[in-house]
Amino acid sequence: MFNTRRIFPPLVLAPMAGLTHVALRRLLAELGGVGLYYSEMLSARALRHETPAGSSRLSRSGEDRPLCVQIFASEPGQIGPAVERGAAWSPEAWDLNFGCPAPGIVKQGAGAALMQRPDLARRMSAEMRRCVKGPLLFKIRVFEERRRFFELTDILAGEGADALVVHARNPGQKLGRPARWEYIAEASSRLSIPVIGNGDVRCGADVVRMREVTGCSGVMIGRAAVERPWIFREAAGLLGAPLPPLRYRRKSEVFLRLAELLDEELEHPRDLYRLKEFAGYFSRNFKFGHQLWKAVNNAGSLEEAAGKAEEFCGRHEEEDDLRERSLVS
Ligand SMILES: Cc1cc2nc3c(=O)[nH]c(=O)nc-3n(C[C@H](O)[C@H](O)[C@H](O)COP(=O)(O)O)c2cc1C
C-alpha cells in the first residue's frame, strides 16, 4: 500500500490544471522515474456530480500509480461527497489545495484563500482527515511572515496530514519569481511528517541540490515535467533508482506519443487544446521553438499538429536527439 514515507523514487509530478491529465501521466510512466503522480486539480463541488464514464479528467490508466487526486473546496461540507464520488477512481492518495492563487478559485474562498483563515484551514483539514482513509497530503504556499507559515504547517500536521507539499512562493508571487527553498528547509527540520519541496526544479541536478540544501523527503516537479518529460528519468538515474529501457530516441517521438495518447484517452475536441498547452512548454527545448509552438497552435486537428511537429523536428535534427547519456539506462 502507498505510504508517503516511502515515495520512491522521491519524485512527484505536480498537479497542473490542463496539463497533468491521464495522457501526460502515461507518457511519464513510459519514460520512468516518477514516484507519485498528481491529477489535475478538481472542484469538490463539481466532482460530486461526476461519473467515471463521464469524466476524462479522472480517468486513469493503471500505469500512473500511485496517483494523488487533488481537489479544491471552500467549505467542509463539500469534501465528503467529493471523496465518496472520487473513490470510484481508486486514488492511492488525496490532496486538498491550500495554495492556488487563481482569482476564480480564491473568489470562491478556496485555494490560497484558506491560508488566510487558520480556523477554516483547521476545519477543512480535519474534514479531509475524517473522509480520507488512506494517505492525505496538503499542498501549500508560504507566508512572508514565517510565524504565520509555521502556524499553518502545525495546524495541517496536527490535523493528521501524512505529508505537506511546500511550494516555496507566497500566493502573490508569480512563477517567474525565485522559489524560497529556505522555507522548505525549515519545514523539513521542524515537522515529523515528510515535506515535499516544490519550486524551480529544472533538471536532475536541481533535484539532488534541493534534497541536499533543504533536507526534504521528496521533490515535486511542475513546469519542467512538461517541458522535459524525461526529467524524472534523469533525476531518478542520479538517485540510483532502477529505470525501464528508454523507448524514445528523439524529442519529437515524445511529442508524437503524447498526441497519440491524447487521442486514445481523451474526448475530442478538448484533446487538441491539451496538445497546444503541452506544446507551449515543450517547444522550449528548441532554439526556434516559437515556430513549433505557432505551427501546433494553428493546427485544426491532432493529426495536423503532430505532422507539423514532425516537420519542425526534422528540420532541427540535432536538437531533437534524446540520447543524452544520463537518460539511457
Ligand atoms: C499551468 C499550471 C497549472 C497549475 N495548476 C495547479 C493546480 O491545479 N494545483 C496546484 O496545486 N498547483 C498548480 N500549479 C502549480 C504547480 O503545481 C507548481 O506548484 C508550480 O508550477 C511550481 O513548481 P515548478 O517551479 O516546478 O513549476 C500549476 C502550475 C502551472 C504552471
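**View A. Shell of residues around the ligand.** The shell divides into 11 nonpolar, eight polar and four charged residues (Ala, Val, Leu, Ile, Met, Phe, Trp, Tyr, Cys and Pro count as nonpolar, Asp, Glu, Lys and Arg as charged, and the others, Gly among them, as polar). The model is predicted: local features need pLDDT of at least 70, side-chain atom pairs count only at pLDDT 80 or more, and totals for chains, interfaces and linings use all residues. Numbering starts from 1 along each chain as its sequence is written. Among the 23 residues around the ligand, Ala 14, Met 16, Met 41, Gly 222 and Arg 223 come nearest (near: C-beta atom, placed from the backbone, within 6 Å). Strand S2 (37–43) and helix H9 (223–227) each supply at least two shell residues (DSSP runs numbered from the N terminus; helices are H or I, at least four residues, strands E, at least two).

**View B. Domain 1 against domain 2.** The domain assignment gives domain 1 (4–238) and domain 2 (251–320); such bounds come from an automatic or database assignment. Their centres, taken over C-alpha atoms, are 27 Å apart. At the interface, 15 residues of domain 1 are in contact with 15 of domain 2 (contact: C-beta atoms, placed from the backbone, within 7 Å). On the domain 1 side, helix H1 (22–31) and H9 each supply at least two residues. H1 gives the largest share, five residues.

**View C. Helices H11 and H12.** H11 (residues 251–265) and H12 (residues 270–282) pack at about 160°, axes 10 Å apart (axes are lines fitted to C-alpha atoms over the stretch in contact; angles run from 0 to 180 degrees between N-to-C directions). The pair is therefore roughly antiparallel (over 145 degrees).

Note on methods:
Angles under 35 degrees count as roughly parallel, over 145 as roughly antiparallel, 65 to 115 as roughly perpendicular and the rest as oblique. Two residues are in contact if their C-beta atoms, placed from the backbone, lie within 7 Å.
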